[in-house]
Amino acid sequence: IRCWSNIPFITVPLSRAHGKSFAHRSELKHAKRIVVKLGSAVVTRGDECGLALGRLASIVEQVSMLQNQGREMMIVTSGAVAFGKQRLRHEILLSQSVRQALHSGQSQLKDMAIPVLEARACAAAGQSGLMALYEAMFTQYSICAAQILVTNLDFHDEQKRRNLNGTLHELLRMNIVPIINTNDAVVPPPEPNSDLQGVNVISVKDNDSLAARLAVEMKTDLLIVLSDVEGLFDSPPGSDDAKLIDIFYPGDQQSVTFGTKSRVGMGGMEAKVKAALWALQGGTSVVIANGTHPKISGHVITDIVEGKKVGTFFSEVKPAGPTVEQQAEMARAGGRTLAALQPEQRAEIIYRLADLLTDQREEILLANKKDLEEAENKGRLALPLLKRLSLSTSKLNSLAIGLRQIAASSQDSVGRVIRRTRIAKDLDLEQVTVPIGVLLVIFESRPDCLPQVSALAIASGNGLLLKGGKEAAHSNQILHCLTQEALSIHGVRDAVQLVNTREEVEDLCRLDKLIDLIIPRGSSQLVRNIQKAAKGIPVMGHSEGICHVYVDTDASVEKVTRIIRDSKCEYPAACNALETLLIHRDLLRTPLFDQIIDMLRVEQVKIHAGPKFASYLTFSPSEVKSLRTEYGDLECCIEVVDSVQEAVEHIHKYGSSHTDVIITENEKTAEFFLQHVDSACVFWNASTRFSDGYRFGLGAEVGISTSRIHARGPVGIEGLLTTKWLLRGNNHVVSDFSEHGSMKYLHESLPLPQRNAN
């Protein structure tokens, strides 16, 4: 029990010791005591007469949600003047209409002039209604709210300050949300100001400084300042070069140009920054964000507390390296320089990287050993993921071979002419290949992915951002260093960037102005999360690898067990491993069927029975829970079909359009399967494991795409290129080709330049 001004209260234990602000956004989820400051532009309607009820209800819902999580929430609100203005205007109109009707004897209203309303009177008329509204809204969530009106004197007078502090602590102890506002009805007379239409704005200290002072006094963990802009920009919002500042550090204000204030309110962005820096110095973390945007206002407060990249976060800890936004810009600039190199120079970089993988083998394996030991000690990775994490001498040798294939095949990838057309005399059009731009590749537990993807990006002239899993941090770090060493031979070190900051994947997916394509490499859950989080950025990949092998009645006994064993057992964690085995009904209870089952048992493959297969057995294996399951381990489902048509229908219904196989000696049946199965890869008498960029002769792959636009199947260099059109003319104008013009369109196809035979 402690006392403030003779008012006892019990302190609520915080999740951390107060005194130092949070260093990173990801730590904001630990905030226990939070102040939410609602600016005038957030609370009031667009016509500045009345409150934005829908927006206010959404804010109350978010505050209630956080309060019910056990946090201590406080609100510093504006809005009393606007609400009072609405009420007083209504009263004046009503009064004028009655007087006019009495004097003229007419009920018809004429134009009536509304006098300028005194702001203190508006505040007095609006404060009770504003509080009643808050109370009604919080009651819907079984939360009690309490009103506190303050002036500057309450902070300058020591006794009043202690009383205020004690009152707030007591309210928080009782799980009540304090709603604080300046007592605008009793402040000194204002200077004339037209900032709020029809009202002289009260020129007292603004609510930004009130919120900051309150946050420090109450030792809060987080101050959220909501306004009508996304956050702090490096120049006035709306200007051509304005960029949102993700993290703002003390001392950075010299590099910022402040614009005008919002349409209402007293504190502009400069006032907000000063208040935020003052609170930061007092140990409170601060985020300035947009509370009016209809797409984000419904979850802006909870997003901030969850650590998502919303608005501008104020931090005293400046990272040692560049921000991810800066890395993306470096990758774009480096990628453009890379694309301008000669093909032989890009190939030389890749050859150098291949040599480094073998020359620095011991250092790479030592770093990988650290990752494996940490993963095993923490027990956070399943066995299939541990296998993906592991590197070996043979893996590094295979990587080096694949990289050399990429280098050899990349000689004419960028700038290759794929179409030439003579539009008219001396007017020739070319379509040429160009890089996509900046790629973001997100991968889990696959350090071998880093040099593969880097080589493909280099060959295609793309800038590259890499976000690897923390379980492979040591391996990724050394592989990235080697990649940059190889890039340095032609001065393009920055073209490939490894994101080492605490950026959440969801935040990276929002960088639509910096990233042109996202390629996820990992679990189906990772891919689905990225596809859901990506805002305006295309995602290339597949969410699942549910691969089928169909054994036809005309299948060769020698081929069946060999292909099935390789498809399932060679590397069960791979996305191109067999997951569902379809068997023609006529093969049940035959020697071939027995051989398949015996082989799977020998290989210790756990079998799950499909519904139809289970119906044929007296004692069956465990029935499958879902026919859409990617096991990623020594498990598979067996199901029975009546024909090749039914096999195709099953694949279309339960498959993921990845890789599907038929085993048969009947060419007609095989061709039917090949032509009718709508998957990225469809094979005849070959293992599903051939679905791979290296095995296809692409050198490597950035992933396997099951989408139907741009690239499909294993994606190599070609899938990382787009095109642009080059038109070469000689004083040509469109009007020359009009009905009475002097020129005619030819549209003649021209021969393509001879490709490099090497």
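Analyst: What follows is a quick chat about confidence, packing and a few single residues.

User: What kind of model is it, and how are residues numbered?

Analyst: It's a predicted model, where local features need pLDDT of at least 70, side-chain atom pairs count only at pLDDT 80 or more, and totals for chains, interfaces and linings use all residues. Residues are numbered from 1 along each chain as its sequence is written, and side-chain values use heavy atoms, with hydrogens and water left out.

User: What's the average pLDDT of the chain?

Analyst: The average is 85, and 88% of the residues score at least 70. pLDDT is the predictor's confidence in each residue, on a scale from 0 to 100.

User: Where is confidence lowest, and where is it highest?

Analyst: Strand S1 (residues 2–4) is lowest with a mean of 32, while S17 is highest at 98. Residues 1–16 stay under 50, and the model has 37 contacts beyond four places in sequence for them. Residues 106–110 also stay under 50, with six such contacts. Contact here means heavy atoms within 4.5 Å. Where pLDDT is low, the predicted coordinates should not be read in detail.

User: How many helices and strands are there in the chain?

Analyst: There are 23 helices and 26 strands. They are DSSP runs numbered from the N terminus: helices are H or I with at least four residues, strands are E with at least two.

User: And how much of the chain is buried?

Analyst: Buried residues make up 53% of the 758 residues. Buried means under 20% relative accessible area, exposed means over 50%, and partly exposed is in between, using a 1.4 Å probe and protein chains only. As for contacts between residues at least 6 apart in sequence, 74% join residues at least 24 apart.

User: Why is helix H7 described as largely enclosed?

Analyst: Nine of the 11 residues of H7 (residues 207–217) are buried, so the rest of the structure largely encloses this helix. Among the buried ones are Asn207, Asp208, Leu210, Leu214 and Glu217. After H7 comes lysine 219, with a positive phi near 55°.

User: Switching topic: how do H14 and H15 pack?

Analyst: Helix H14 (residues 393–409) and helix H15 (residues 449–460) pack at an angle of about 10°, with axes 10 Å apart. Those axes are lines fitted to C-alpha atoms, over the stretch in contact for helices, and angles between N-to-C directions run from 0 to 180 degrees. H14 and H15 are therefore roughly parallel to each other. Under 35 degrees counts as roughly parallel, over 145 as roughly antiparallel, 65 to 115 as roughly perpendicular, and the rest as oblique.

User: Which residues meet there?

Analyst: From H14, Leu399, Leu403 and Ile406 meet Pro451, Gln452, Ala455, Leu456 and Ala459 of H15. By class, that H14–H15 contact has seven nonpolar residues, one polar and no charged. Ala, Val, Leu, Ile, Met, Phe, Trp, Tyr, Cys and Pro count as nonpolar, Asp, Glu, Lys and Arg as charged, and the others, Gly among them, as polar.

User: How many aromatic pairs turn up?

Analyst: Searching the whole structure gives five. One of them is tyrosine 550 with phenylalanine 673, a stacked pair at 6.4 Å centre to centre with 20° between the planes. Rings of Phe, Tyr and Trp (its six-membered ring) pair if their centres lie within 6.5 Å; planes under 30 degrees apart are stacked, over 60 edge-to-face, and the rest tilted.

User: Which parts does that pair tie together?

Analyst: Tyrosine 550 lies in strand S17 (residues 547–551) and phenylalanine 673 in helix H23 (residues 667–676), so the pair links parts 123 residues apart in sequence. Both tyrosine 550 and phenylalanine 673 are buried.

User: What about threonine 688, buried or exposed?

Analyst: Threonine 688 counts as buried, at 0% relative accessibility. Threonine 688 lies in the loop between strand S22 (681–684) and strand S23 (703–705).

User: Where does asparagine 175 sit?

Analyst: Asparagine 175 is in the loop between helix H6 (158–173) and strand S6 (177–182). Its phi is positive, about 65°, although asparagine 175 is not a glycine. At 41% relative accessibility, asparagine 175 is partly exposed. Asparagine 175 touches Gln67 and Cys144, leaving out residues up to four places away in sequence.
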